[in-house]
Structure formats: structure tokens, C-alpha cells
Amino acid sequence: MSKVYTGRDGVMQLADVTLAKVVSFSVQSDLETLETTTLGDGVRSYSPGVTGYSGNATLLYYKDDDDDINTTDLLNKLIKTGSDGVSSSDTVELTFRWADGTDNNDIKLTAYITSASLGAATGDIARAEISFQGTGAITTASIGS
Amino acid sequence: MAFPVLTPSARAFDSGDYPVKVYKAQSGSETRILYGDKRTNMKLQLTYANISDANAELFLDHYDEMKGSFTTFDLNSSAKGGWEGNADAIGAQDHGNNYRYEAPPQVTQVRPGISTVTVSLIGVL
């Protein structure tokens, strides 16, 4: 059956667990192109380089009935105590899903959280905004059919 | 083995000079003596961006074949591709010169199977 996907169909998961109160997310794929134009050519030509993935997401800063905060495992990858900084093990497994009942269209990747911001404003709901940079190949890309 | 038949993506040419010796007096006056009638020392730098490793290897093989900077060789027309003036103007043969390698080819690998090669040549009599 035909379907137009909307924000209601969007799901964001961390380590295969659906995150609560996700306001928005965006995933971007980029291809680096290597120019192969030579002297005398009138039109540029390119060879494919490497691809990469990045994106961002906004979540409401939310504590559930068990006192667990939905953004903890995302923000903790970047906002942490100690002087060690971020290590190579500080990756997250993110899944971005466009669901149609049981038919899931997924992009799943491993990423580093490259920016995280958490704010509060009078008369507004506190939100956490994160950006991520994918590392390695995406493990699921079932968005084509 | 001939110089690889590939058109570069960038080319820089220095037209060299005639063999001139300059003597300068303390007064500042200058005396120049021309020791030859052939311009020499023209320099040609060719960049082949993002070519296949197989093509990059051709330059390494040619450099080896030429015994590095020892042997001179003719440059084919592909190396002058894109130049719409007289090919002699950026060549060396018209002045009795031939090119040899001034430095080893520089190969920079940019991704698997793709490399950028920079070749520096100098015209010698």
C-alpha cells in the first residue's frame, strides 16, 4: 500500500533500544569526489573517493518513571569527567528507522558523538541536541524498498 | 620504454636561460658574457591527479628505466596536452636539449587504487 512517511513514523534507536522523546533526526551521507580533469578538457570529470556518514538529532531531556534519562548514554560519550577525553571505544550504535507497521526501513551505523548541547530556557522544554560522525561502514541500509 | 602517454592535470614550465656569466664590479657595473647559443635548464613539472595506481606505476617504471636522473628522453605530445600554443615553446628539443628527471616522481596515494603523481623534469644539453 502506498504511504507517505511522516515524523510519526520516525524512530531513533541507541543499541537497538528506542529512544524516547526524539524530536527530530537527520542522517547525511557524503561522497568525496576526486577530480580527474586533465589539461585540455572542457568539462570536469571525477572519480569516486570515500563515503562518510554524519547527522544530528534533537531529543527532549526526559526522565522516565524509573528515573532514567533518555539522553544519558548519548551525552555521556562526550560530556564526561576526567582528563582522558574521548577514546576509540566511545562509539554508539545508532539506528534510524522509518516504520510502516512491521515494515522497517533502517539505517544503522556506528558513530562518535561529535557535539552535544543541553539547554534550558524560560517557558520552553529542555532539549538535548547532538551531532554524530559515523565511523566505518553502515551495517544496515534497508531504505530502498 | 617511452614516457607514459597521459595528459597531466596541471603543468608548470620554467623556460630556463642561456648560459650567461655575470661579473659585477664594486662600482655596480655589470658585465655579462654569453657562453653558449642554446637556452637550457628549462624545468617542467607535471601533475597527474587521481590516476590509477597502474598508471602511476608507469612513471616509476620509466624513472627506473631511465636510471633515475641519468638518461635523457623525448617527451611525447600527451605531456603537452591542453597547451594551445606552439608545442616547441614548452619543449626542450627545439633548443638542442632533452629532458631528464630532475627529481624522483612523487607518488601520493589518495585512496585504494588511486594516486597523484608529480614529475619534475629538467632540460639539459
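Visitor: Which residues are exposed on the other side of helix 1 of chain B?
Guide: Ala54(B) and Asp64(B) are exposed there. Keep in mind that this is a predicted model.

Visitor: And which residues of that helix are buried?
Guide: Ala56(B), Leu58(B) and Phe59(B) are the buried residues of helix 1 of chain B. They span an arc of only 140 degrees around the axis, so they sit on the same side of the helix.

Visitor: What covers them?
Guide: The cover includes strand 4, strand 5 and strand 6 of chain B.

Visitor: How far apart are the end C-alpha atoms of helix 1 of chain B?
Guide: They are 18 Å apart. With 13 residues at 1.5 Å a residue, the helix should span 18 Å, so the two agree.

Visitor: New topic: which residues touch the most other members of the largest nonpolar core?
Guide: Tyr99(B), Val117(B) and Leu121(B) do, in a core of 19 residues. Strand 4 of chain B gives the largest share of this core, five residues.

Visitor: What does Leu121(B) contact, leaving aside neighbours within four places in sequence?
Guide: Leu44(B), Tyr99(B), Arg100(B), Tyr101(B) and Glu102(B).

Visitor: Last one: how many residues does each chain bring to the contact between A and B?
Guide: Chain B brings eleven residues and chain A brings ten. On the chain B side, strand 4 (43-52) and strand 5 (98-111) each supply at least two. That side has four nonpolar, five polar and two charged residues.

Methods
Residues are numbered from 1 along each chain as its sequence is written. Chains are lettered from A and ligands numbered from 1 in the order in which they are written. This is a predicted model: local features need pLDDT of at least 70, side-chain atom pairs count only at pLDDT 80 or more; totals for chains, interfaces and linings use all residues. Two residues are in contact if their C-beta atoms, placed from the backbone, lie within 7 Å. Helices (H or I, at least four residues) and strands (E, at least two) are DSSP runs, numbered from the N terminus. Ala, Val, Leu, Ile, Met, Phe, Trp, Tyr, Cys and Pro count as nonpolar, Asp, Glu, Lys and Arg as charged, and the others, Gly among them, as polar. A nonpolar core is a set of buried Ala, Val, Leu, Ile, Met, Phe, Trp, Tyr and Cys residues joined through C-beta atoms within 7 Å. A residue is buried if 20 or more other C-beta atoms lie within 10 Å of its own, exposed if 12 or fewer, and partly exposed in between; C-beta atoms are placed from the backbone. The expected span of a helix is 1.5 Å times one less than its number of residues. The arc is that of the directions from the helix axis to the C-beta atoms.
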